[in-house]
Amino acid sequence: MADLKRKSVRGGMVTFGAQGISIAIQLASTVTLARLLSPDDYGVMAMVIAVTSFAGLFRDLGLSAAAIQKGTLTHAQMSNLFWLNVGMGILLTSALAASSPLVAWFYGKPELIPLTLLLSTTFLIGSLGTQHGALMQRELQFGRRAVTGIAGALAGLGVSIILALHGQGYWALAWGSITGGIVTTLLLFALSPFRPGLWTRGVGIRSMLKFGANITAFDFVNYFHRNLDNILIGKFWGADALGLYSRAYSLLMLPINTLRGPINAVGFPAMSRLQNQSDAFRDYYRKVTTFLALVSMPFSAFLFVASKPVIVLALGVQWIGIVPIFAILATVGFVQPVITLWGMVVLSRGMGKRYLQLGFFNAVCSIIGFSIGLHWGAIGVAAGYAVVTYITAYPILAWTFRGTPLCLKDFSTCIFRPFIASVIAVAGCRVWQPVWGELMPVQGLAVSAILFMTVYILAIWVLPGSKLDFELLKKITRQVTSIRGIKSCAGIRT
């Protein structure tokens, strides 16, 4: 148990670092290629990506999660999962290639036929390394997994820049995507000890297929849930309103996903290992939830109170209309990261059916909130989303914890101090807003951040049980900064 905690903490920080590097690569790609390619090049690429993104819902079939969650996994089972992924990759590649004339006809652009044919191969390329990546995550080899993703991103960026400099237009983006996929897959093969064998009958993968089917169905439902707000705003309020909403949502979710993604990536395999150890399972969940609450809640609360200088500095004064939407969505980000850990809980317990049911319930409620708020435009949709998030928190968590070692008291205890301290810090910043609000954006943001964090830390300090929070953060920091721990997580002998 102690070794698992050390590996998961260090693995989480390696994943955090890798995601930070990936974001830096994305920003470098955006800044560089935007100066070499035209908006039309990006538009042509986006037309095909709209089709490949939907097809991508079925690429994995949930088999990676099934492999990670499985208590005992044999080589024969892994081999069968590998061939199932490859078969699905071949099927999707063939289907997308065959539909390329239809894609070109729909958009009225004949040049989309060869572009769709090329990008269809990404499904086959990716399927070859899917189970290798899943095995790395299952074995908590996050250093190796990070290397494959970063190397693929750098290779893709390099190819895109070279081809863009030679005037290849949207082909630069397409070949960059293909190159990145090939490099990632080759490294997955090279760094993983798994070598697939031949297909074997009767090795017991039926339950894993059923588990994966529930995850795929969830992804299908969640795809429309996550995109319906954009569709409704674009349809009824036009491109300007959609631009404001989508930019606010993207800006808010970038740092939240950077934080939440690595925690889910590490927590899922760790909790899967502990699924039959009730006390250890509960203890691990409480530590993960407490850590996430201590970091994400004050961060979102600060974005709420300082939304204006954040928007002005990040996007410019021409985007000042985004401020109220951003502030409302920040209230969603205040609780959403800790609530959505429900997915990690039910998946690690092998509850694929409940995962789908909870996803469907959440999607239906969100759609109702979007539809009601649509009357007031993008702000109304954001407000509807926020209201639904808070209303559905109790039933979702109660449903999640049923039949597990967890209860609602575990959740409320973990978030109590960060929740109260964040609210107090928001109030303190509001009281002094006439002072820092009149400063220039940079100075105002700096002063408000110092004020917010000072009040937050003091509030945490005086609340009962704060010693446990500080001990947890201290322990995580010590484990993360351990050279031996970093080497161990990266797969280096010590």
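User: Why does Gln275 count as buried?

Analyst: A word first: this is a predicted model. Buried means under 20% relative accessible area. Gln275 has 13% relative accessibility, so Gln275 counts as buried. Gln275 is found in the loop between helix 10 and helix 11. A polar atom of its side chain lies 2.9 Å from the backbone oxygen of Ser272.

User: Why is Ala327 called buried?

Analyst: The cut-off is under 20%. Ala327 has a relative accessible area of 11%, so Ala327 is buried. Ala327 lies in helix 13. Leaving aside neighbours within four places in sequence, Ala327 is in contact with Phe304 and Ser307.

User: What makes Lys287 and Asp283 a salt bridge?

Analyst: The rule asks for a side-chain nitrogen of Lys or Arg within 4 Å of a carboxyl oxygen of Asp or Glu. For Lys287 and Asp283 the N to O distance is 2.9 Å, so the pair meets in a salt bridge. Lys287 and Asp283 are four residues apart in helix 11, so about one helical turn separates them. Lys287 is partly exposed, at 30% relative accessibility. Asp283 is partly exposed too, at 25%.

User: Which parts does the pair of Arg286 and Asp410 tie together?

Analyst: The side chains of Arg286 and Asp410 meet in a salt bridge, 3.0 Å from N to O. Arg286 lies in helix 11 and Asp410 in helix 18, so the pair ties together parts that are 124 residues apart in sequence. Arg282, Arg286 and Asp410 are linked in a network of salt bridges.

User: Is Asp410 buried or exposed?

Analyst: Buried means under 20%. Asp410 has a relative accessible area of 1%, so Asp410 is buried.

User: How do you know that the buried residues of helix 17 are on the same side?

Analyst: In helix 17, Ala393, Ile396, Leu397, Thr400 and Phe401 are buried. They cover an arc of only 120 degrees around the axis, which puts them on the same side of helix 17. The buried residues pack against several helices, including helix 11, helix 13 and helix 18.

Notes: Residues are numbered from 1 along each chain as its sequence is written. This is a predicted model: local features need pLDDT of at least 70, side-chain atom pairs count only at pLDDT 80 or more; totals for chains, interfaces and linings use all residues. Side-chain values use heavy atoms; hydrogens and water are left out. Buried means under 20% relative accessible area, exposed over 50%, partly exposed in between (1.4 Å probe, protein chains only). Helices (H or I, at least four residues) and strands (E, at least two) are DSSP runs, numbered from the N terminus. The arc is that of the directions from the helix axis to the C-beta atoms. Contact means heavy atoms within 4.5 Å. A polar contact is a pair of N or O atoms within 3.5 Å; within protein, one must be able to donate a hydrogen and the other to accept it, and residues adjacent in sequence count only if both atoms are side-chain atoms.
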